[in-house]
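The sequence and structure come next.

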Amino acid sequence: MSKKVIFLCQYFYPEYISSAQLPYQTAEDLSENGFDVEVLCGFPYEYLKANEGIKKSEIIKPNFKINRIKYSKFNKNNSLGRLLNYFSFTFFSLLNLRKFKNKDVCIVYSNPPVLPIVPYIAKKLFDMKIVFVSYDVYPEIAVSTNSISEDSLLVRLMKVINVRIFPSFDKVVALSSEMKKLIETNRKVSPESIEVIPNWHTGSVDIALEKKNGEFTVSYFGNMGTAQDMDTLTDTIVKMSDCKGIRFLLVGHGNKKDEIKKKFESIGTKNVEIIDFLHGNDLSVALNESDVFIVSLESNLAGLAVPSKTYTYLAMGKPVISIMDENTDIAKKLTKFGAGFNIKNNDSISLEKCIMLLKNEEIIYNQMSKNAKELSVKEYSRELSTQKYINLINEI
C-alpha cells in the first residue's frame, strides 16, 4: 500500500519562484513514484503570470491533489505587517487540520517559520510522521541580517516554538552540510535525523538560444537583500567601469536594489544594467547572454541559507564565482570541480582578477564551463535530489 504524503507550504504551483517550484516538483516526482500526494498551500497572490482560472482545489492526476487556501495579506514593508503575514497562512492552515487525517507523512517547509506548528498539532491528533525542510534557519538568519532584534517578541516566540517542535520532527532536511551542522548544534538534533538534500534548477535549460550580445557579460540574478554580499560585487563593478568589452547585468529585487542604483548613478557607471525579476523566455535569453555568474552570501550567514540561483547557473554550464565563506558546500564544490572560483567577502581585487582571467583565457573559460555542467549533473540535479526525498519517506 502506497504511503499518503501531504505537503504543507505557502508557495506552490503555478507560482514561478523557486520556493514554489521546488515543492511542486518534489510532489510531482513522489506521485510519479507511486505515493498518494496531497498539497495544502496558499492561494497564489503575486508570483505568477496571471491569476485567472486558478482553482481552490485541483486534481493533477488521481494520486496528486492540490488544495489552495486563501489567507490575509498585510503590508510586508513594516514590522507589524511582516509579523501578521507570518501567522496569517499558518492560522488558516490550522482551520484545515482535517486534511492531515489518515496521512502517513507531512512534508512541511520553513517559510513562514511558524508554519511547522500545524503538523506539530496534527501529529498529536493523527499520529503521522513529519519531515521538516529547512530552506533557512530562523530566527538566526533574521537576527544576523539585522532584520529583527535579538530581544524582539518574535525572536523570543520562535525560540520557544523551536524548542517545542523540533523534537517532534522525524526527519529534518538541510540544504547543505554547513546548515546540517548548524541545526545539529542550535536545535540539539541528532545528526542521524538530519538529511542533506540540496535544491536544484527548477526550470528548463535552453542553451540553444543564440548569444546576440558581443560583450563579455557578468551577471547576478536574484535577491539583492540583507543576506547577499552586494558590496563586493558593486565595488568591483565601479573599479571595472572603464574595462572595454565587459558588461555587468543585475537582475532581481531586494532592499539593497535602490541603494545600488543610486551608487552607480552618482558615480556615472556606464557598463552596468539593473532590471527587474525575469521569468520565462526573458529569463532564458538573459541567462544565455551571460558568460559568468555571480552568487553571494554575507560572511556571517554560512549555514543559515543557501543561494538557490547557484543551481540555475551551474545548469547553464558556465563558470560561477561565489562570494561567501570558503567552508560552504557551494564554495567547496566550485573549487573541487574547477567550475569557478570562490572569493572572500570584501575582496573586490580578487573578484576583478577572476573576471579578467575568464574573459581573456579561452581555454580556462571553456574547461570551467564544462566542469560547471558536470557539477550540476553529478551533484545538483532534480532526479538525484527528489530520489533522496523518496528514499527518506520510505525509511520513516
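Predicted model: local features only at pLDDT ≥ 70, side-chain atom pairs only at ≥ 80, totals over all residues.

## The largest cavity

In total the structure has two cavities of 30 Å³ or more. The volume of the largest cavity is about 110 Å³. Its lining is made up of 14 residues, and those nearest the centre are Phe 132, Asp 136, Tyr 138, Asn 162 and Phe 166.

Two elements, β6 (129–134) and α5, each contribute at least two residues to this lining. The biggest contribution is that of α5, with three residues. The classes here are nine nonpolar, three polar and two charged residues.

## The second largest pocket

The second largest pocket has about 200 Å³ of volume. Its lining residues are Pro 139, Glu 140, Val 143, Glu 150, Lys 159, Asn 162, Val 163, Phe 166, Asn 186, Arg 187 and Lys 188. Two or more residues of this lining come from each of α4 (140–144) and α5 (153–165). Helix α5 has the largest share, three residues. The lining holds five charged residues, four nonpolar ones and two polar ones.

Helix α5 gives three residues to the lining of the pocket and three residues to the lining of the largest cavity.

## Cis peptide bonds and a positive phi

Tyr 13 and Pro 14 are joined by a cis peptide bond with omega of about 15°. Pro 14 sits in the loop that runs between β1 (4–9) and α1.

Another cis bond leads from Tyr 138 to Pro 139, where omega is near 15°. Pro 139 is placed in the loop between β6 and α4.

Asn 102, a residue other than glycine, has a positive phi, near 70°. Its position is in the loop between α2 and β5 (105–109).

## Contact of α1 with α14

Helix α1 (residues 18–32) and helix α14 (residues 382–395) have axes that come within 10 Å of each other and cross at roughly 65°. The crossing of α1 past α14 is right-handed. On the α1 side the contact involves Gln 25, Thr 26, Glu 28, Asp 29 and Leu 30, and on the α14 side Arg 382, Thr 386, Tyr 389, Ile 390 and Ile 393. Of the residues in this contact, four are nonpolar, three polar and three charged.

## Aromatic pairs

How many aromatic pairs are there? The count comes to 17, taking ring centres within 6.5 Å as the cut-off. One of them is the edge-to-face pair of Tyr 45 and Tyr 71, with 5.2 Å centre to centre and 85° between the planes. Tyr 45 belongs to the loop between β2 (36–42) and β3 (57–61), and Tyr 71 to the loop between β4 (64–69) and α2 (79–94), so this pair ties together parts 26 residues apart in sequence.

Definitions and conventions:
Residues numbered from 1 in each chain as written. Heavy atoms only, no water. Axes fitted to C-alpha atoms, helices over the stretch in contact; angles between N-to-C directions. Helix = DSSP H or I, 4+ residues; strand = E, 2+ residues; numbered from the N terminus. Left-handed = near helix turned anticlockwise from the far one by under 90°. Contact = heavy atoms within 4.5 Å. Nonpolar A, V, L, I, M, F, W, Y, C, P; charged D, E, K, R; others polar. 1 Å grid on protein atoms, 1.4 Å probe; cavity = no way out; pocket = protein on both sides within 12 Å on 5 of 7 lines; lining within 4 Å. Points joined across faces, edges and corners; volume = space filled by probe spheres on them. Phe/Tyr/Trp six-rings, centres within 6.5 Å; stacked < 30°, edge-to-face > 60°.
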